[in-house]
Each structure stands twice: as structure tokens, then as C-alpha cells.
There are 2 protein chains.
Amino acid sequence: MVTRAETVTKQLRAAILDGGYAPGARLNEMALAEAMAVSRTPIRAALSVLFAEGLLDYEPNCGYVVRRISLDDAAHIYTVRASLEGLAARLAAEIGLGDSERARFQATLDEMEHLVSGQAWEAEQQERWGALNIAFHGMICAATQNNYLAASIQRTRTLPVLTERGLKTFAAERAVVWWDRAAYRRSQDDHLDIGDAILTRQGTRAEAVMREHIERSGRLINQKLAIRSEALLALP
Amino acid sequence: MVTRAETVTKQLRAAILDGGYAPGARLNEMALAEAMAVSRTPIRAALSVLFAEGLLDYEPNCGYVVRRISLDDAAHIYTVRASLEGLAARLAAEIGLGDSERARFQATLDEMEHLVSGQAWEAEQQERWGALNIAFHGMICAATQNNYLAASIQRTRTLPVLTERGLKTFAAERAVVWWDRAAYRRSQDDHLDIGDAILTRQGTRAEAVMREHIERSGRLINQKLAIRSEALLALP
DNA sequence: CCTCTTGAAGTTGTGTACAAAACGGGCATG
DNA sequence: CATGCCCGTTTTGTACACAACTTCAAGAGG
């Protein structure tokens, strides 16, 4: 990470995913340049990258705006993600894990289980569980030994208002409990099933459970977004 | 299409997919700027877009090179594509086609069948069949009413040396027959099965046949690429 | 003979000035 | 009063100059 263009790209991406720029907001090149203390050149490079990543919309001679994800879009993305993560789970089960991967995989599952079944369930535990969750899915991606698949899945996870990070930030800001504890418990049960299926090389089962697992999160998040957008519509 | 950056992007993309720039070739900004009679600014914008699309590799301070797709990469991409197109076929079957879509769908299938079972099978027929093939898959994507899925599938098809267009160009240049006629016949049989499954709303069957259909093309193309790369390795 | 340094050429990154296009407000006109 | 045109302002698109970095080769030193 040496060039300013890359620095700016990273900062902007993080800001958008964190909700620093609301969906629909115009991104003024001059304003961004001043805010980040660089010229417009690296700003423009960053914007074109984020546009290609799907985080921004662009109209020639009109500029960039933060992409607004509709409820339908979110559902569509989760449909694709469920299919891809299902595929990854099946491949991981069929290929199998190496000894060290296996150990780390099991350890991650164990720690998540410990957290979710423990007495304390505050922000700290939830955050840790979220990080482990990402690591869990990441390990499955890595086990497929298919970089294109891993990248495709990653893309489905880095969209405004839909990443774990974005959701968490929103939850923290508004003091909204996105999931109740039962949902986490249910999610963890899925993880245990998926882990078991992968470790015992049951590809079809791993795929089916993973698919359902992702589709359930999709439905949950869609419900939450629907409530949120109703609330936003009711404001003015 | 008004800005020079967009014009240049389109031209460059087409040139790369047509094989005008070989995989691994360095893209010199100054040279491109002179060749296209613009300054480096729109060239750089175009390069960053094509990098984000996955057509180019990029290293800061080193520049862009046309991405070199290994045989493994190609296999990985086809694995993902098979899964996604399978999903699309299933969704299309479950959702169903409208009357006019249904008619166009059937007409496309009929014309392909007419071509492949006809007496003449020259470049003209093969080209037409290829175009109808793209249209056929496109109609299935459209029927899912899921733009994200359609875009994801599109991405798997626009990679250097792997698009229909790239292959065709290569075949035309080298007078290599990529597929023998039996392979086209087999492919057409798949299409008939997929079409039937979709029109009769058999989602699971549509998914399974489509998956196998794509995976078969993947295997065929991988074989051809393997032969090609052996030939290239034997040259110097 | 090999390795490391050094410098020059060439390529990419960044800043900036200017051109062109879109946006917005005010005025004239129906 | 509504509507449409015109012009100034703002914002984006492009060109170009310069700075920073990489690369490669030649030469000194081991």
C-alpha cells in the first residue's frame, strides 16, 4: 500500500461500508480531495475502482453516488451467495482439510460454541463471535482451493448495508439488536452441522445445510431492512 | 458513450478479448495513448476499470499486464459458472416464462436444432449457432429476474481466451476446429433437455442438466487449452 | 567470476490548469 | 401564473508537466 490512490480507495471503501456515506449520497470529487488532502487524481482513480466493485453508481458528466440497494437487490444477492457458499461447502467436504486446517477449523467452531452457550453475551462476545464467523466461512472458501470462487463469495459480502461490519455499525449506532440470541443459537447449530458434514466428507449434506444457512440470514436481514426502511419512510 | 474514457475502455476490452493483446503482455500507457490519440488520463481510467473487471493484473508503479489465465483458473471459473447457470436454470423453471418469452425461447431452440441437424455446417452456421447459444443462455438469465445473478454469470463469460468470441477468433486465425460436430450435437441435446425442463417447470432437472452442460464445455475447453499450451511450449 | 552499487532511462503516480458538460436561477414571454 | 430560454456557476473530463519509483545495465570492488 504505497500509492495515494490505493490509500484513498481503502479509506473510501471502508467509509462507505461503515455507512459514513449514506446510500444515494453524491460524492463530490473536490470535497473528497480536500477531505483527504490529495488532488482529484487519486480520488478519481479510487472512485472508478469502487464503481467497478459495485459500491457506487456512475453517470458520465454527473459523477458518482453511493449505490442504493433495494430489498429485492439484497434478496437477489443472498440467493447467489447461498448458491456459491453451498458450492464451497461441498467442495471443501469433497477435497477435505489438511491436519493443521482441520485443527484451526475445529478450534474456531469450539470457541464460537463456547461463546454462544456461555453466560455473558454482551457486545464484546457478539463482536468476537462475528469475527470467528467470518473466519469460519473464510476457511471453507480457502479449503476449496478455488480463488475465483472465493473472490466471487467475497464480492457478495462487500456491499453497502449488507456486510457484517455495516450491519454491526448500524446496530451500534441505533442501539438496535439485529438478531436476538435465539437466532445466534440457530446460526451456531448450522455451523456445527456444516462443520460436521465437512469433516466427515459429506459433500451433499454440507452444501444443503450451508445453502439453507445463508438463505436464512438473508431472510432475517431482509426483514430487518424492511422494518428499517418503513421507519425511515415514516420519519418525514 | 460520450467520454473518451468510455470509448477507450470499450476498445481496449474488445481488443483484449479478441486476443489483440496476448495474455502476459505489458500495457504501456504512453503507447496506448498515442495509438488511440488521447492523453494518458482516459487510458488510465480505462485500465483501472478493466483491472477491476479482472481482465488485467496490476502492480503499483509497475503497470498493467493482460491477465494470464492458467488451466487451473479456467477450471475454477467453469466450476463457478456451472453452479451459477444451474441456479439460473432452476429459478427460470420455478418462476416460469411469460407467453412472449416462451415463444422466443422455443424459436431460438428450434433454429439451433435446425442448424445443427441441417446438411450445411460451415463457418456461417457455426457463427449463427454460437450467437443463438449466447441468446439462449441470456434468456434463461433474464427469466430469473435477478440482475445480480445475471451479472455474476456474465462475469464468468468475459475473461480473456475463454469467451466464445475469443475462442472463435482464435479458431478463425489458426483454422483450428475447436469442437467437432458431435460435440455441437451433444451440446444441442443438452439445450433441448434444459429447454424442456424449464418449459415444464422442472427446476431440479433444469439445474442438474445445465450444471453438467457447462461442466462439459469446461472440460472440452480445458482440453483444447492444454493442447494449445503444449503446442506453444514446444515452439521455442 | 560474481556481487553489489550506482546512475541513467523509462514508466507510472500526482498535481494542476483548462475545456466541456450539467445544474440552477432569473428573466422574458405566452 | 406557468413555461421555456438563457446565461452564470458548479462539477466533471482531459491534457500536460513534473515528481517518484522501478528497472536495467555498466562498472567498481570483493
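With 14 C-beta neighbours inside 10 Å, Glu101(B) counts as partly exposed, since a residue is buried if 20 or more other C-beta atoms lie within 10 Å of its own, exposed if 12 or fewer, and partly exposed in between, with C-beta atoms placed from the backbone. The structure is a predicted model, in which local features need pLDDT of at least 70 and side-chain atom pairs count only at pLDDT 80 or more, while totals for chains, interfaces and linings use all residues. Residues are numbered from 1 along each chain as its sequence is written, and chains are lettered from A and ligands numbered from 1 in the order in which they are written.

Glu101(B) lies in helix α5 (residues 99–117) of chain B; helices (H or I, at least four residues) and strands (E, at least two) are DSSP runs, numbered from the N terminus. Glu101(B) touches Met139(B) and Ala143(B), residues up to four places away in sequence not being counted. Two residues are in contact if their C-beta atoms, placed from the backbone, lie within 7 Å. The C-alpha atoms of Glu101(B) and Ser70(B) are separated by 38 Å, and the two residues are 31 residues apart along the chain.

Chain A has 10 helices and 3 strands, and from the N terminus on its elements run α-β-α-α-β-β-α-α-α-α-α-α-α. Of the 236 residues in chain A, 30% are buried.

In chain B, 3 strands form an open antiparallel sheet in the order β1-β3-β2; two strands pair if DSSP finds at least two bridges between them. β1 (26–27) and β2 (56–59) of chain B stand at the edges with a single partner strand each, so one side of each is left without a neighbour in the sheet. β1(B) is joined by 2 bridges to strand β3 (residues 63–66) of chain B, and Arg26(B) stands opposite Val65(B) in β3(B).

The axes of helix α4 (residues 71–95) and helix α9 (residues 181–199) of chain B come within 7 Å and cross at roughly 40°. Axes are lines fitted to C-alpha atoms, for helices over the stretch in contact, and angles run from 0 to 180 degrees between N-to-C directions. Ala89(B), Ala92(B) and Ala93(B) in α4(B) meet Ile194(B), Ala197(B) and Ile198(B) in α9(B). This contact has 6 nonpolar, no polar and no charged residues, where Ala, Val, Leu, Ile, Met, Phe, Trp, Tyr, Cys and Pro count as nonpolar, Asp, Glu, Lys and Arg as charged, and the others, Gly among them, as polar.

The contact takes 22 residues from chain B and 22 residues from chain A. On the side of chain B that touches chain A, α4(B) gives the most, with 8 residues. By class, that side has 11 nonpolar, 8 polar and 3 charged residues.

Of the 16 residues around DNA strand D, Gly63(A), Thr3(B), Arg4(B), Ser39(B) and Asn61(B) come nearest; a residue is near a molecule or strand if its C-beta atom, placed from the backbone, lies within 6 Å of it. The residues of this surface divide into 6 nonpolar, 7 polar and 3 charged.
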